[in-house]
Amino acid sequence: MKTLIVIPVRMASKRFPNKPMAMLKGKPMVQRVWEQAITSKLGDVIVACCEKEVHDLITSLDGIAELTDPGLPSGTDRVYAAIQNQSNINQYDSIINLQGDMPLIHPKD
């Protein structure tokens, strides 16, 4: 079974602006979520974001980030937009929408 983990991220939260880049023990929150997804070894990981700042961070870590339209209304829409750019999407049996504000998620979860 082949799995794709997609982490939708946006910086425009009304309650906590710039939340994905909030520093937690020296690392941005989105980086910690991405690292947990990678550590899970469940499958490929993509960060679906609409800001260049997040895109550049993930790609600087040798990760995969897809820029999406900032006008998308939800994280689910961001996930869908990101997978549309994957030419190999049919090879995946499952897609996990991992929320970008879950830095403490255990990789086995």
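This is a predicted model: local features need pLDDT of at least 70, side-chain atom pairs count only at pLDDT 80 or more; totals for chains, interfaces and linings use all residues.
These are my notebook entries on one protein structure.

**Entry 1: confidence**

The mean pLDDT of the protein is 95. I also noted that 100% of the residues reach 70 or more. Then I went through the elements. Helix α2, residues 52-60, has the highest mean pLDDT, at 98. Strand β2, residues 23-24, has the lowest, at 95.

**Entry 2: two single residues**

Is S40 buried or exposed? I looked up its relative accessibility and found 18%. Buried means under 20%, so S40 counts as buried. S40 is found in helix α1, which covers residues 29-40. I then listed its contacts, leaving aside neighbours within four places in sequence. S40 is in contact with I5 and P107.

Next I turned to M23, in strand β2. Its relative accessible area is 52%. The cut-off for exposed is over 50%, so M23 is exposed. I also checked M23 against D109. The two are 86 residues apart in sequence. From C-alpha to C-alpha, they are 23 Å apart in space.

**Entry 3: the nonpolar cores**

How many residues does the largest nonpolar core have? I found 19. Those with the most contacts inside this core are I7, V9, V30, V47, V54 and L98. I asked which elements supply the core. β1, α1, β4 (43-49) and α2 each supply at least two residues. α1 gives the most, with five residues.

**Entry 4: the largest pocket**

I ended with the largest pocket, which holds about 410 Å³ of space. Its lining has 16 residues. Which of them lie nearest its centre? I wrote down P8, R10, K19, Q99 and D101. β1 (3-9) and α3 (75-84) each supply at least two residues of the lining. What is the lining by class? I found five nonpolar, five polar and six charged residues.

Key. Residues are numbered from 1 along each chain as its sequence is written. Side-chain values use heavy atoms; hydrogens and water are left out. pLDDT is the predictor's confidence in each residue, from 0 to 100. Helices (H or I, at least four residues) and strands (E, at least two) are DSSP runs, numbered from the N terminus. Buried means under 20% relative accessible area, exposed over 50%, partly exposed in between (1.4 Å probe, protein chains only). Contact means heavy atoms within 4.5 Å. On a 1 Å grid over the protein atoms alone, a cavity is a set of points where a 1.4 Å probe fits but cannot get out, and a pocket is an open set with protein on both sides within 12 Å along at least five of seven lines; lining residues have an atom within 4 Å of a point. Grid points are joined across faces, edges and corners, and a volume is the space filled by probe spheres set on the points. Ala, Val, Leu, Ile, Met, Phe, Trp, Tyr, Cys and Pro count as nonpolar, Asp, Glu, Lys and Arg as charged, and the others, Gly among them, as polar. A nonpolar core is a set of buried Ala, Val, Leu, Ile, Met, Phe, Trp, Tyr and Cys residues joined through side-chain atoms within 4.5 Å.
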